[in-house]
Amino acid sequence: MRNAALWFDRKFGLEEHTIAHYAWVIVAIAGVVQMVGAAIRMAFGVLVDPLVEAFGWSPGSIGLAYALMSIVTALSSPMAGWLGNRFGARRTMTAGTVLFFIGMMWTSQTKEIWELYVAYGIVFGVSQALLLVPVVPAVAAWFRRHLGLGTGIMMVSWSLGPALVVQALAVLFATVGWSQAFMVVGIVGTGTLIVILLFFKNTPEDAGKIAYGTKADDNPLITSGNVFVSTQKEFQGYVYKTNAFWNLINIHFLGCVGHAVILVGIIPLGISKGLGPLTAAGVLTTISIVSVSTRFLAPVLSEKMSPKAVMFLSFFGQGVGVFLLLTADSTLDFYIFAVVWAIPYGGEGTAFPVLIRKYFGHTPMGTTYGWQLLGAGLGMALGGVIPGMVFDITGGYTWAIILSAAFSLMGSLAIVLLENTRKQLIPNWPEMEQKPGEIPGSDLTTAEARPAGGD
Amino acid sequence: MKADAPIQPLDGNSPELDGFEIKRRPMLGFGLLMSSVIGTLAVLIYFGAWASSDRIENRAQAAGISETQVEGEWWEDGLVFACPLH
């Protein structure tokens with residue numbers, strides 16, 4: 001396998017990069033974790049009708065389980081990030097896998113609505129946080145440089161994977177029924193997670209390797225041990241004192257409200273303007289497909305240029321773009337909107353890991369990222385409620401569109417107020433990046449480091 | 001890299017951080033976050049009160065009585081009370 005990768009490198013003249021590095025295995029694992037962890041969440045809409053038929057519960061009461069799950073996931077995210085830092089992403093995701101299995105099996109045997117709330121809303125909600133929050137900081141730990149490239153590829157897989165799995169789940173629900181489908185997903189998903197976690201390593205050190213993009217003259221990073229734990233705790237205390245930490249939670253919240261309104265409301269809005277259900281669904285599919293491009297490009301450009309500029313343009317475009325919907329009343333209008341709006345939307349959320357790296361250097365970002373996902377999760381939950389609420393009150397979606405724009409544009413304003421990214425916010429932190437020979441117990445010297453990209 | 005050296009004393013022995021004011025408070029960032037929280041609550045209260053007013057008005061019309069005679073749900077009354085515009 002490694003020889004094939006090296007052949008690929010030579011064949012395509014890759015100099016600064018190589019595909020023969022374990023970091024890409026970690027990125028692939030992150031993609032699969034997301035696919036398994038998020039699939040059943042994405043497929044919730046398919047579940048509603050079978051549950052209505054089987055138990056006679058109202059769609060609203062079933063939807064409450066989804067809202068509960070979203071909020072529980074959001075509230076658990078800071079804890080999941082901290083656990084990832086403290087005990088490692090692998091152990092945290094293993095705990096998430098156990099809860100995933102319990103949540104799926106229990107949901108498949110649900111007879112009462114409260115069981116759905118506990119099994120799907122709470123148990124599955126916590127498992128989502130444990131699976132999905134620590135994986136991004138873990139991927140970041142594998143990239144000394146080119147984090148934007150690693151993040152971009154991971155974000156593409158996070159976008160395409162669930163889209164494919166949702167189709168498979170829809171077929172499964174239709175053929176074996178909802179209860180059996182949950183059991184199958186629970187067993188297959190848990191098995192898949194167990195197998196891939198065997199190959200998952202929290203840090204390059206765990207795998208006896210060096211982070212992607214490490215150069216020969218780079219000082220090695222502390223990634224575990226007593227000093228790491230104590231230093232990380234103290235460092236995080238300083239992170240809480242930065243404006244960027246709080247503002248990034250705010251920005252993630254505002255951006256997610258802005259696009260959740262559109263993602264949830266675009267199909268009913270299209271139908272209300274005369275589009276057929278399939279055509280309206282096609283608008284959402286178009287957004288998903290087009291946004292893949294900027295999901296990849298935004299973190300890559302953020303690393304090369306200014307992440308603030310990339311994020312500002314994404315938020316501003318997301319905010320201004322929705323105004324196209326105010327005058328859209330034909331299929332063409334909606335598809336033009338889908339293409340135009342998906343470009344900034346795709347770049348809106350994927351540059352955060354790069355920005356955290358710019359501000360806080362190579363310290364583990366689990367806790368910081370977990371807090372940001374708290375903002376994102378609450379934003380998605382709120383944004384999901386707004387279209388229905390506005391329609392019930394006003395009989396239309398105009399106010400929902402205006403609110404979506406307002407939240408995104410406020411996010412772009414908050415980005416302007418972020419600190420400059422050229423300098424780390426907590427500079428000269430002396431213990432996270434040690435010179436060789438200074439760390440007792442260290443058995444690695446920079447002489448072992450390879451050129452950039454080497455494994 | 002693993003480092004199992006004894007835990008270093010942390011209190012009162014913080015390293016020199018050039019350019020970082022350890023005692024500062026993140027007023028701007030926290031203020032922006034709080035502004036968003038308050039603004040969001042204001043939007044929710046406004047639309048919630050709007051919905052509540054509509055529901056009360058509809059029930060009043062259906063019963064052929066005035067809105068003041070309609071007994072609202074606790075959350076309807078609460079939202080209308082909380083919103084200065086309704």
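1. The structure under review is a predicted model. The domain assignment divides chain A into domain 1, residues 9-213, and domain 2, residues 235-416. Taken over C-alpha atoms, the centres of domain 1 and domain 2 of chain A are separated by 21 Å.

2. The two domains of chain A touch each other: 30 residues of domain 1 are in contact with 27 residues of domain 2. On the domain 1 side, the elements that give two or more residues are helix 4 (59-87), helix 7 (135-141) and helix 8 (147-176) of chain A. Helix 4 of chain A gives the most to this side, with 13 residues. Sorted by class, the side of domain 1 that touches domain 2 has 20 nonpolar residues, 10 polar residues and no charged residues.

3. Where is A:Ala381 found? A:Ala381 belongs to helix 17 of chain A, which covers residues 366-394. This residue counts as buried because 20 C-beta neighbours lie inside 10 Å, and 20 or more is the cut-off for that class. Leaving aside residues up to four places away in sequence, A:Ala381 touches A:Ala67, A:Ser70, A:Ile71 and A:Ala74. Between A:Ala381 and A:Ala414 there are 33 residues of separation in sequence and 21 Å in space, C-alpha to C-alpha.

4. Where in helix 15 does a kink lie? A kink of about 35° is found at A:Ala342, shortly before the proline A:Pro344.

5. The residue at the kink, A:Ala342, is also among the buried residues of helix 15 of chain A. Others in that list include A:Phe334, A:Phe337, A:Trp341, A:Pro344 and A:Tyr345.

6. How many helices does the secondary structure of chain B contain? Chain B comes to two helices and zero strands. Of its 86 residues, 15% count as buried. Among the contacts in chain B with a separation of 6 or more, 57% are accounted for by residues 24 or more positions apart.

How values were computed. Residues numbered from 1 in each chain as written. Chains lettered and ligands numbered in written order. Predicted model: local features only at pLDDT ≥ 70, side-chain atom pairs only at ≥ 80, totals over all residues. Helix = DSSP H or I, 4+ residues; strand = E, 2+ residues; numbered from the N terminus. Buried ≥ 20, exposed ≤ 12 C-beta atoms within 10 Å, placed from the backbone. Contact = placed C-beta atoms within 7 Å. Bend = angle between axes of the 7 residues up to and from the residue. Domains from an automatic or database assignment. Nonpolar A, V, L, I, M, F, W, Y, C, P; charged D, E, K, R; others polar.
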